[in-house]
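Student: I would like to learn how to read a structure, one feature at a time. Where do we begin?

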Amino acid sequence: MPVKMTLHQYSANEIKVYTNKCTSVKEESYLKYLKSKSSELTDLLELFIEGGNPREEILKCKIDEIQYRFKPKITEAARLLKNTQKRFEYNLKRSTN
């Protein structure tokens, strides 16, 4: 990704700090989206279960299926966010020295 330099000359680490922060914000919002979507779907199904639905066992299986589908995505998104934050901190330390 080429960066246009206008008034200031930025070091490579300063550019990396900027890109890592942008990536971190994107990854954090994606992680929040996944968690909220998973929570919304499971809460909705639990609401139907509490209402005395005769298909309670089927709904519980659906909750397990939702958790099965979302858990790896949430875990991966959290791992990527953690790594990006570590890269951000590392490049920030290097750019201030």
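This is a predicted model: local features need pLDDT of at least 70, side-chain atom pairs count only at pLDDT 80 or more; totals for chains, interfaces and linings use all residues.

Student: Let us start with burial. Is Asn20 buried or exposed?

Tutor: The general idea is a cut-off: a residue is called buried when its relative accessible area is under 20%, and exposed when that area is over 50%. Asn20, found in helix α1, has a relative accessibility of 8%, so this residue counts as buried.

Student: Which residues is Asn20 in contact with, leaving aside its neighbours within four places in sequence?

Tutor: Contact here means heavy atoms within 4.5 Å. With those neighbours left aside, Asn20 is in contact with Thr84, Arg87, Phe88 and Asn91.

Student: Can we take another residue of helix α1? Is Ser38 buried or exposed?

Tutor: Ser38 also lies in helix α1. Ser38 has a relative accessible area of 11%, so it is buried. Not counting residues up to four places away in sequence, Ser38 touches Ile66, Phe70 and Ile74.

Student: What separates the C-alpha atoms of Ser38 and Ile63?

Tutor: A distance of 9.4 Å separates these two C-alpha atoms, while Ser38 and Ile63 are 25 residues apart along the chain.

Student: Now salt bridges. How many does the structure hold?

Tutor: First the general idea: side chains of opposite charge can pair when their charged atoms come close. The structure holds four salt bridges. One of them joins the side chains of Glu28 and Lys32, at 3.8 Å from N to O.

Student: Where do Glu28 and Lys32 sit relative to one another in helix α1?

Tutor: Glu28 and Lys32 are four residues apart in helix α1, and therefore about one helical turn separates them. As for accessibility, Glu28 is at 33% and so counts as partly exposed, whereas Lys32 is at 55% and counts as exposed.

Student: Which residue meets Arg69 in a salt bridge?

Tutor: The side chain of Arg69 meets that of Glu65, with 3.2 Å from N to O. Both belong to helix α2, which covers residues 56-96, and because they are four residues apart there, about one helical turn lies between them. Arg69 is exposed, its relative accessible area being 53%. Glu65, with 34%, is partly exposed.

Student: And what is the N to O distance in the salt bridge of Arg79 and Glu76?

Tutor: For that pair the value is 2.6 Å. Arg79 and Glu76 are three residues apart in helix α2, which is again about one turn of the helix. Arg79 has 42% relative accessibility and counts as partly exposed. Glu76 is partly exposed too, with a relative accessible area of 36%.

Student: The last topic is surface patches. Which residues form the negative one?

Tutor: To be part of a patch, a residue needs over 30% relative accessible area and no salt bridge. Glu40, Asp43, Glu46 and Glu50 form a negative surface patch. Glu50 is found in helix α1, which covers residues 12-50. With a relative accessible area of 67%, Glu50 is exposed.

Student: Which residues make the nonpolar surface patch?

Tutor: Leu44, Leu47 and Phe48 make that patch, which has an area of about 300 Å². Take Leu47 as the example: this residue lies in helix α1, and with a relative accessible area of 53% it is exposed.

Key: Residues are numbered from 1 along each chain as its sequence is written. Side-chain values use heavy atoms; hydrogens and water are left out. Patches are made of residues with over 30% relative accessible area and no salt bridge: like charges are joined within 9 Å, nonpolar side chains (Val, Leu, Ile, Met, Phe, Trp, Tyr) within 5 Å. Accessible areas come from the Shrake-Rupley method with a 1.4 Å probe; for residues, only the protein chains shown count as cover. Lys and Arg count as positive and Asp and Glu as negative; His and the chain ends are not counted. The place of a charge is taken as NZ of Lys, CZ of Arg, CG of Asp or CD of Glu. Helices (H or I, at least four residues) and strands (E, at least two) are DSSP runs, numbered from the N terminus. Buried means under 20% relative accessible area, exposed over 50%, partly exposed in between (1.4 Å probe, protein chains only).
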